[in-house]
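Me: I would like to learn how to read the packing of a protein model, taking one feature after another. Could you give me the general idea each time, and then the case at hand?

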Amino acid sequence: MERAPGRRAVEPAHELTVLGLDPILVAGLHGRAEPLGQRLRSRLVAQILQPLLGSGTNALLLLLDVRHVVKRGPRTRARGWYQSRPQAPRPPASAVHLAPYTRRVDEKSGRRLAKSTAIFSLATGLSRILGLVREIVASYYFGAAGKINAFTVAFQVPNLFRALVADAALQSAFVPVFTELLEKGDKRRAWRVASTLFWLVLLILSALTAVFIVVAPWIIGLFGDPGGDKQLAIGLSRVLFPIVTLLGVSGIVVGILNSYERFSVPALSPVFWNVAIIVGLVIGVPRADTIDGKLYVYAISIVIGTVIQVLLPMPWLRGLDGRLRVLIDWRDPAVFRVLKLMLPVTLGLGLINFNAVVDSIFASRLIDPKLAPTAIDRAFRLYMLPQGIFSVAITTVLFPSLARLAARDDQAGFRNTLALGLRQIAFLLIPASVVSALLAEPITRLVYQRGAFEPGQTPVVAGALAAFSAGLFFNGMMLLLNRGFFSLQSNWIPTAVALANLGLNAALDAAFYRFGTWGLPLATSVVNVAGSGVLLVLMRRRLGRMNFGEIADSVLRIVVASAVLAGAAYGTWFGLDHALGRSFAAQLASVVTALVVGTGVYLLACRALRVRELGALLALLSRFKARLR
């Protein structure tokens, strides 16, 4: 269909034939959905794509980023659908007269986006794997007990401020405004706003870093005596806090690249961040004489890695249609708009990270200050591996598209793209949560148990991992729904939900810490379930409808397939574990084989249950291979 020239009919040579994917429906004539195998011969491209503007949206075409442009009436300054609640349902597709297309599908842009998405997913996966290697190396040198808990607390404090005022929070407020200016053709102003924010962020966060260095003793004092050495925690936090400033300016740069659909280089930056830390640990730690010195080597390695992460994407700004300049134009209303949007985004994302700080306070003061904080942190790193590879990748790629759809007042496109993202997150994260919960102890033993990480620490970390896993899918939902509200510039909605989650998390921590270390991650999972449910209901109220039927149908089929996966994976591991023993090679063989068998069984079960996300994923992979050639 892409290759059909202009508005001419699709010829037989242009038809897309995919066998075995009958559950997938594509847009047909008169707003109806038809099987993918339906022959498209002699139909106009406009006829094939026309239902996408009405009621029959196509998951496969959305995944492949098929674009269409329709003549619209003159834009007014009235509030769009995304700025107020819908007043009336849309008329049926058959009752709406649609203007003809004004230009062809942007094939070059679609090819670039497909390639960028593939590279982004691979780079994100590589980054997460290297992050896991980083944690393995750190666990080998420091274990999970003792003074490493002082480092864990010291790192969480700047990490909280990073979430409040830098990185993802800044991007979430900046991208919708910057993208809207680009969509309106005001590129010069868009870059002026970006330049202003770059220098404002640099100046403000530098001042904040100086303040923190002074007040660090009072902030660290909230955690009691982490790792049995409060002074060490204070010193480490002062070394680590400059990363807030570095990641703040990085948020502007990455936001610009993402707005131009340049995802690859920003995704590769964390790879070099992890490599720098691993190299620093391997070279520096053995040369340090004391445990305090080794922990300072760890902290300095993180700062060096962050500098590399910030500088790496800079050269790719040169290929765009503007550049960052040394100026501060605080009178531009768009600058104030970003700052205004950033306040609720900061609170929303910051409150999510503040939950982790609250967990650390409970762990350090009420459970075990020399084990619990780092045990939870080690489990969290494993829990974030599938989260980072799958849901973060999907959310990052969809966020600019959602912002564009909101800017264009395309309610149907926004709703269906969001629903598509939720179904894909379910397809990937529900089985991942099942595996990480069932195989929590063998995975923890394989990844961490060596060097200073003693066997007695494994069950503590594994229990925390299993508890975290219960909320994996719901955390992915929250991530995407939050970005959906940010795209709509309705930032106070996820902020209010995050504030409620903070109160609920503190209350559950107070009740669940009696269970031991794993009680705090369990509280986090319950909060994720509640928060995602509330956000989903609020998004439905915002959009009028949310395709709940399609989402629920997909999730139910995926849950059944995941239950089959659970039996296959655990049974395989249990048999091999008893047959091969507990040597490193034996553990590696039993865990990897269980994962491979479980994945194969899951895919077969999804095919038998006609889970359409599987078909869409296979079609997308096939398209990626064709476009990468």
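Me: In which helix is Leu382 found?

Reply: Helices are DSSP runs of H or I with at least four residues, strands are runs of E with at least two, and both are numbered from the N terminus; by that count Leu382 is found in helix H12. This is a predicted model, in which local features need pLDDT of at least 70 and side-chain atom pairs count only at pLDDT 80 or more, while totals for chains, interfaces and linings use all residues. Residues are numbered from 1 along each chain as its sequence is written, and side-chain values use heavy atoms, with hydrogens and water left out.

Me: Is Leu382 buried or exposed, and what is Leu382 in contact with beyond its neighbours in sequence?

Reply: Buried means under 20% relative accessible area, exposed means over 50%, and partly exposed lies in between (1.4 Å probe, protein chains only). Leu382 counts as buried because its relative accessibility is 8%. A contact means heavy atoms within 4.5 Å; leaving aside neighbours within four places in sequence, Leu382 is in contact with Leu132, Ile443, Thr444, Val447, Tyr448 and Leu465. Of these, Thr444 is 62 residues from Leu382 in sequence, yet the two C-alpha atoms are 8.3 Å apart in space.

Me: Which residues have the most contacts inside the largest nonpolar core?

Reply: A nonpolar core is a set of buried Ala, Val, Leu, Ile, Met, Phe, Trp, Tyr and Cys residues joined through side-chain atoms within 4.5 Å. The largest one here has 70 residues, and Phe414, Leu418, Leu422, Leu481, Met539 and Met546 have the most contacts inside it. Its largest share, twelve residues, comes from helix H12, which covers residues 372–407. Apart from this core lies another, of 66 residues, with Phe142, Val201, Leu236 and Val310 among them. Met539, when residues up to four places away in sequence are not counted, touches Phe414, Leu418, Leu481, Gly484, Phe485, Leu488 and Met546.

Me: How should the length of helix H15 be read, and what do its buried residues pack against?

Reply: The expected span of a helix is 1.5 Å times one less than its number of residues. The twelve residues of H15 (458–469) should therefore span 16 Å, which agrees with the 16 Å between its end C-alpha atoms. Its buried residues are Thr458, Val461, Ala462, Ala464, Leu465, Ala467, Phe468 and Ser469, and they pack against H12, H13 (411–438), H14 (440–448), H16 (472–487) and H18 (519–543).

Me: How many aromatic pairs are found in the whole structure, and how are they read?

Reply: Rings of Phe, Tyr and Trp (its six-membered ring) pair if their centres lie within 6.5 Å, and planes under 30 degrees apart count as stacked, over 60 as edge-to-face and the rest as tilted. The search finds 23 pairs. Phe198 and Trp199 form an edge-to-face pair, 5.4 Å centre to centre with 80 degrees between the planes; Phe198 is buried at a relative accessible area of 11%, whereas Trp199, at 26%, counts as partly exposed. Phe515 and Trp518 are stacked, 5.4 Å centre to centre with 15 degrees between the planes, and here Phe515 is partly exposed at 45%, as is Trp518 at 37%. Ring pairs also link Tyr140, Tyr141, Phe142, Phe151, Phe155 and Tyr298 into a cluster.
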